[in-house]
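Hi,

Here is the structure I said I'd pass on. Have a look at it first, then read my notes below.

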Amino acid sequence: MQKVFNLLGTVGFIVSTGTLAIGTAGYMQLPSLANKYISELKLELVQSMTEMMPVQIDKALPQAPTGIGPAVPIIP
């Protein structure tokens, strides 16, 4: 029975140590992962803005005049 308790204690220690190691490694990698995802989001935003920009500019510009006249009106 003592061997079973020793085995359970050893397994518990290994599991808790592994959890601590994985948690620490994940916490240390968190800033680089955040920067990676932020840069991907910025790239995606720039691409979508680049695609939308010509359409928005075309909507905002007034229609060009169809008729032409003298550049400077002549006053007699």
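Let's start with Glu 44, which lies in helix H1; helices (H or I, at least four residues) and strands (E, at least two) are DSSP runs, numbered from the N terminus. Glu 44 is exposed, at a relative accessible area of 54%, since buried means under 20%, exposed over 50% and partly exposed in between (1.4 Å probe, protein chains only). From Glu 44 to Pro 62 you move 18 residues in sequence and 30 Å in space, C-alpha to C-alpha.

A word on where this comes from: it is a predicted model, where local features need pLDDT of at least 70, side-chain atom pairs count only at pLDDT 80 or more, and totals for chains, interfaces and linings use all residues. Residues are numbered from 1 along each chain as its sequence is written, and side-chain values use heavy atoms, leaving out hydrogens and water.

Now the whole chain. The C-alpha atoms fill a box of roughly 120 × 15 × 10 Å along the principal axes. The radius of gyration is 34 Å, whereas a compact globule of 76 residues would have one near 11 Å (taken over C-alpha atoms; the globule rule is 2.2 Å times the number of residues to the power 0.38). Buried residues come to 0% of the 76.

How far apart are the end C-alpha atoms of H1? They are 82 Å apart, which agrees with the 87 Å that its 59 residues should span at 1.5 Å a residue (the expected span is 1.5 Å times one less than the number of residues). H1 also bends by about 40 degrees at Leu 30, with Pro 31 following within four residues; the bend is the angle between axes fitted to the seven residues ending there and the seven starting there.

Gly 18 and Lys 42 are 24 residues apart in sequence and 35 Å apart in space, C-alpha to C-alpha. Leu 61 sits in the segment after H1 and counts as exposed, at 52% relative accessibility.

Cheers
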